[in-house]
2 protein chains.
Amino acid sequence: MSFPGNPSRRSAWLLLAGLIWPTLQGCAPARGVGDMGIVIERASGSVAVVENSHMNVLARVEGLGDLSHASLVYSRDGRYAFIFGRDGGLSKVDLLSGQLVGRVIQGGNSIGGSVSQDGRLVAVANYQPGGVKIFATDTLELLADIPAVDAKGKTSKVVGVADAPGQKFVYSLFDSDEIWVADVSQPTTPRITKYTNVGSKPYDALISPDGRHYIAGLFGEDGFALLDLWHPEQGVKRILNNYGRGEKRTAVHKMPHLRGWAMAGNLAFLPAMGRHEVLIVDRESWQEVGRVPVIGQPVFVMAQPDGRQIWVNFAHPDNGNVQVIDVPSRKLIKTLTPGPGVMHMEFTPRGEHLWLSVRDADRVDVYHTGTFERLATLPALKPSGIFFTNRAHKIGL
Amino acid sequence: MSFPGNPSRRSAWLLLAGLIWPTLQGCAPARGVGDMGIVIERASGSVAVVENSHMNVLARVEGLGDLSHASLVYSRDGRYAFIFGRDGGLSKVDLLSGQLVGRVIQGGNSIGGSVSQDGRLVAVANYQPGGVKIFATDTLELLADIPAVDAKGKTSKVVGVADAPGQKFVYSLFDSDEIWVADVSQPTTPRITKYTNVGSKPYDALISPDGRHYIAGLFGEDGFALLDLWHPEQGVKRILNNYGRGEKRTAVHKMPHLRGWAMAGNLAFLPAMGRHEVLIVDRESWQEVGRVPVIGQPVFVMAQPDGRQIWVNFAHPDNGNVQVIDVPSRKLIKTLTPGPGVMHMEFTPRGEHLWLSVRDADRVDVYHTGTFERLATLPALKPSGIFFTNRAHKIGL
């Protein structure tokens, strides 16, 4: 190695090298990412990087555009988050360095996406201009642009994209009542299977944790569309057609999230749209087997990782509350009042804690799921979604 | 900052500082740990640190003692592995630096352990001298030593330790036919609940992925002992009492692993001890509902993360084979012959690949679970167990 200049200059060079070496290696914090996560700060276009072992905020990352209804997914190594914004932005954040490391405006309006089974692709579903775009997770290079156009040539908003086993993405076409399955084994030439007339206006969707059942909510009629990916030849079936049957609905204050369905053992718990109830559905027959009355219109209905309790948050004006349902007895056992505007909840991977965002108090609170004690409170700017990195290993995200 | 000596010495100091700074930060590779793992090299007391995104060996860590039947668990951040050896050693390995960062000889012989729900404790089950010891995951400080002594004062080997929701460890006493549940909410003063007369000689155990059902295999009789942790007041029940009933067993060439049970949807697939069969059991009734004939005595029976296929390896002399069962049809669909001494298998978190160790060929092979194509082969010294870091987020490990 040779260095320019006189000895003192040499010293300065060496000191500089010592200081920048770690930065060049991108290694300011070499740490396990398995206990990290991100909180969306919806009003400021920023996210907070957090860790759940000691319940800390580690960094804030800014410049992510319009995050008013944002979601995110993780790279397979858990290091990077891919964040989907309402401005059509796809942002890539490095949790270790706390930096925005990539950003493309890939459409006009997007609220969701998914990482492929092999981790190499990230798919983004677009409201505007419709369709799905597929990017390389490492470079954010555009690999495929799949327009959503029905047999009559009409374009459609795309919603509810989920990855499925076999290197597939499944998604719904809101305006043309279709569900498409894209096999992206050859990323630049996706092979599409189309299911038509699945029901009126699929508006959101989920896939079961095993990647077998894709379920889309229908905005234009009561009920849901179900595709069994183990038996694609059977086509899409309608389930829960009596979801709201014969009873006058109250106004829907906030569309419930299908991603907020809870799968606990052989049961699914789901928000009853426009009603103060949580529905219980048998996952074999897809028939309703019970209802639990709750304090307001449910938004997210989430199962603890052990399936023992179900946590529920609510639409305005009841969104200061959270209620807990005991699965064995199917009864409400707790009502908490964390504060104004509880937007989202996330469990630590083994379920000992629940994190929830209290938007209008600019706080994230951490509760013990066994004692219901509040353990910590962290500052965040108008927080909404909370996402821990163990999602990197889950099918459908 | 001041430095000793003349300018050239100063330069040397600075250069040294530049070189060691990254090391001091332990940051040689700052990377996500979510796609990393460890392969046990049983004969050499070493482990290979691997990554499954590009299928590489990253480092070898030596000096871990007798790993002839070793297993491991991960810290909640996925960075550290806790490895349990037959010499009673508890070793802590940093996957990022590829270094052994802690080691205690905590007993005379141990084959398993578990990390608590909150990630702060690691429990080790001892054959010799029996009992369970509980250590802090950060320092390896001994926090509790729980002897396994029955009502008559007899000590027992301890097997099958698993973590359970509510900051508990569950384990079996081989010599006194008991199952104990230790609540370690106060780590230095565990509260023990004891179940006696659970069946003759519990020799291994598993806990269901939701942490609800603890199942111990019985060496001294046909059948299994089941504890429903949602209903501990019901005590331990005997299940599958006809496991081998009325039929002459062949000699058991290798004890099947209960951790090798596969839970796929509402079914469990398990090795039939001493027989060339995989049993299918309904998880509601715990009754046998079918059997699949296979090529040899099954050792590990493992479900893909999507529950669609079951992979089986075998005891000597059939341990060069691996067979695949299709879950919907319950039929064998594939026989692979990877090579001599297939010891263990591990799926990538979303199930696109299966890694398996071919001990006698000093290889780890990677197969595509959809095409059954062999994608890669990696060198390893007499490899046995393969463990990916997504285990950090699973209940019971």
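Predicted model: local features only at pLDDT ≥ 70, side-chain atom pairs only at ≥ 80, totals over all residues.
**The nonpolar core**

The largest nonpolar core has 40 residues, and those with the most contacts inside it are A:Ile38, A:Ile83, B:Ile38 and B:Ile83. At least two residues of this core come from each of β1 (36–41), β2 (46–51), β4 (71–74) and β5 (80–84) of chain A, together with β1 (36–41), β2 (46–51), β4 (71–74) and β5 (80–84) of chain B. In soluble globular proteins, nonpolar side chains tend to be buried together. Leaving aside neighbours within four places in sequence, A:Ile38 is in contact with residues including A:Val47, A:Val49, A:Leu72, A:Leu95 and A:Phe387.

**Strand β21 of chain A**

| Partner strand | Residues | Bridges to β21(A) | Direction |
|---|---|---|---|
| β20(A) | 262–264 | 3 bridges | antiparallel |
| β22(A) | 277–282 | 5 bridges | antiparallel |

Within the second pairing, A:Pro271 stands opposite A:Val278, while the hairpin of β21(A) and β22(A) has 5 residues between the strands and A:Gly274 takes a positive phi near 75 degrees.

**An open sheet in chain A**

Chain A also holds an open sheet of 4 strands in the order β28-β29-β30-β31, with antiparallel pairing. Its edge strands are β28 (342–347) and β31 (374–379), each of which pairs on one side only, and the twist averages 20 degrees from one strand to the next. Inside this sheet, β29 (residues 353–358) and β30 (residues 363–368) of chain A are joined by 6 bridges, and A:Leu356 has A:Asp365 in β30(A) as its bridge partner.

**A buried aspartate in chain B**

B:Asp228 belongs to strand β18 (residues 224–228) of chain B. Is B:Asp228 buried or exposed? B:Asp228 is buried, because its relative accessible area is 10%, which falls under the 20% cut-off. Apart from neighbours within four places in sequence, B:Asp228 is in contact with B:Arg212 and B:His213, and a polar contact of 2.9 Å joins the side chains of B:Asp228 and B:Arg212. B:Ile207 is 21 residues away from B:Asp228 in sequence and 9.8 Å away in space, C-alpha to C-alpha.

Definitions and conventions:
Residues numbered from 1 in each chain as written. Chains lettered and ligands numbered in written order. Heavy atoms only, no water. Buried < 20%, exposed > 50% of the residue type's maximum accessible area, 1.4 Å probe, protein only. Contact = heavy atoms within 4.5 Å. Polar contact = N/O pair within 3.5 Å; in protein donor to acceptor, adjacent residues only side chain to side chain. Core = buried A, V, L, I, M, F, W, Y, C linked by side-chain atoms within 4.5 Å. Pairing = 2+ DSSP bridges. Axes fitted to C-alpha atoms, helices over the stretch in contact; angles between N-to-C directions.
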